[in-house]
Amino acid sequence: MDALPAAGDPLIPAAEIRAALHRAADWAADYLEGSAVHPVLARALPGEVAATLPAEAPEAGRPLDAILDDVDRRILPGITHWNHPGFLAYFANTGSGPGVVAELLTAALNVNGMLWRTSPAATELEEVSLDWLRQMLGLAGFWRGIITDTASMSTLLALAAARDAAVTDLRQRGLVGRLDLPPLIVYCSEQAHSSIDKACLMLGLGLDQLRKIPVDADFRMRPEALAAAVAADRAAGLRPMAVAATVGTTSTTSIDPVPAIAEWCRAEGLWLHVDAAYGGAAAVVPGRRAVLAGVDAADSLVVNPHKWLLVPMDCSALYLRDPERLKAAFSLVPAYLQSTEAAPVTNFMDWGVQLGRRFRALKLWMVLSAYGREGLAAVVDGHCRLAQDFAARIDAAPDWERLAPVPFSTVVFRHRPAVIGDDEAALAAHNALILERVNARGRVFLSHTQLGERYALRVAIGNAGTDAGRLAICWEELQAEAEDLQP
Ligand SMILES: Cc1ncc(COP(=O)(O)O)c(C=O)c1O
C-alpha cells in the first residue's frame, strides 16, 4: 500500500537486530535440544542475580551482542528450567518449538487485539483455535471461548459473570451497602485451587462467603455435602451464587463428580464453573475423554493449554456456555473505542478486564496445527502411562506409600519407613529433607503438598521431554536419599 521504505529502528542498525535475532533463534534451538545440561532448579541464592546487574539504569545503550552475552552469564544461572525433562514439580509444562516460533512472530507483530478491527486475524484466530481446541476435547458445539493469561484470570472472569447473573442490578449499584442483598455464596471443594479464593477476594464477596466442601477418601467433592451446605445457607437467608468443581485438583489431581454436581446445579439454578486447568488436557486422548464427563452441563470451563498442551506460558482457555453473560458483566465502550463493522464481529475487550490483549492465539494455533490432536494425545497419554509406571514402583516398594489415586500424570506419595512409625511431624521432616536433597542434585525437581496431617511428595509429569529414563533417575535418587537419611 505504502511506497515508502520501512522506517525500521531509528537507533539500532537493522543488521545488528537481524544478527541478534539469528543468534537468539540459534540459542533457543540449542536450548530446546539441550536444556537438560542445566540443573533443573536454580542454584542462585536470594539476591545473587540482582547483584550481578548494575544498580543504575544505563544512560547509553549497549550492543545487543553484549546484552545476549549477559543473558548467558548473569540471567541463566538464576533460571529454574521449566523446559527441562527433569522438571516434575507443581504442574510441569512445555514451551514447545512451534510455540516458541509463534512467540517470536507475536512479538514482532506486536498486535493489540482489543477490538476486531485492531487486528481482525488476532480475533478470528482466537475464535477458530479455541473452537479447534473445543473439538479436540470433545466438548459440545455451543461453547465459546476467550484466551486469558492464566486460569486464575479465567476463573475470576467466570465468577464475575456468575455474580452479575445472580444480581441483576449489580453492575450499577455494586455490593457496597446493599441491605437489600443477602451475602452471595460460592462453593468449591476443600481441595480446590486458591484461585477460587482469590476470585472471591477480588469480587468483593470475601473469604467468609466461600464454602470449602469436604471431600471423600479420594479427594473428590462430596455432592451430598454440597447440597447440605447450600440448603443450610438458603435456610439462613444467604444467596448461593456459584459452584466451582475441579477436574484435576492441584494437590492430588482428583476429579470432582461433575456429572452429579452439574445436574444438581442446573436443578438448583446455580452457576457451575469447572476448573479443568490441568486435567482438561487429558480429553485430547479419546480413551480419556470421560474426564470431562458432565462438563457440557456447566456454565463455564477453564482449560490451560500452557499447562499440559505444549503451549508456552501463558495461555488459558476460558469457555462460556453463553458469552453474553460475560459481556453483560464487562462490556463498557467509551467513545474512542466505538467501531462499526459491516457484519457482527467479536471485540474481545468486551469479554473481560483487559483492554490491551496479547496475540496469544498465534501460539495456540501454531501448536494445535503442528502436533494435531494425535500428536498432543500421544504426549498426554504417554505422560499418564509414565505416571502409572512410577506409581507401580511406589506401590511395590515396602517403605514407600502412595497417598492418592493417579487419574492423570501426577503421583503423590511419601517415604514411610517403619522406624519412624506414625509420627506425622517426623515423617514430614524426613520427606522434606529427601525432597531438598533430591532437588539439590539437579537432575529432577519435585514439589510437595499437604494432605491433612500428611506431608506428601509430588511427581508431576508434563514436560514433553520427560521419559522413562528420567523417571528412573528420579526413583533412584529418591531411594538413595531416603536410605541415606534413614534414622
Ligand atoms: C487446578 C488448578 N486451577 C487453577 C490453577 C491456576 O493456574 P494459573 O497459574 O494459570 O492461574 C492451577 C495451578 O496450578 C491449578 O492447578
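Asn 110 sits in the loop between helix H4 (97–109) and helix H5 (120–136). Helices (H or I, at least four residues) and strands (E, at least two) are DSSP runs, numbered from the N terminus. Asn 110 is not a glycine, yet its phi is positive, about 50°. Its relative accessible area is 62%, so Asn 110 is exposed. Here exposed means over 50% relative accessible area, buried under 20%, and partly exposed in between, with a 1.4 Å probe and protein chains only.

A word on the source. This is a predicted model, where local features need pLDDT of at least 70 and side-chain atom pairs count only at pLDDT 80 or more, while totals for chains, interfaces and linings use all residues. Residues are numbered from 1 along each chain as its sequence is written, and side-chain values use heavy atoms, with hydrogens and water left out.

Now Thr 253. Thr 253 also is not a glycine and has a positive phi, of about 65°. Is Thr 253 buried or exposed? Thr 253 has 0% relative accessibility, so it counts as buried. Its place is the loop between strand E4 (239–246) and H10.

One more loop. Met 313 and Asp 314 are joined by a cis peptide bond, with omega about -5°. Asp 314 belongs to the loop between helix H11 (305–308) and strand E7 (316–320).

Next, helix packing. Two packed helices are described by the angle between their axes and the distance between the axes. Axes are lines fitted to C-alpha atoms, for helices over the stretch in contact, and angles run from 0 to 180 degrees between N-to-C directions. Helix H9 (residues 223–235) packs on helix H10 (residues 258–268) at about 20°, with axes 11 Å apart. H9 and H10 are therefore roughly parallel; angles under 35 degrees count as that, over 145 as roughly antiparallel, 65 to 115 as roughly perpendicular and the rest as oblique. Which residues make the contact? On H9 they are Leu 226, Ala 227, Val 230 and Arg 234, and on H10 Ile 261, Trp 264 and Glu 268. Contact means heavy atoms within 4.5 Å.

Last, helix H15. Its 18 residues, 468–485, should span 26 Å at 1.5 Å a residue, and the end C-alpha atoms are 26 Å apart, so the two agree. The expected span is 1.5 Å times one less than the number of residues. Among the buried residues of H15 are Arg 470, Trp 475 and Leu 485. What covers the buried residues of H15 includes helix H13 (361–396) and helix H14 (424–441).
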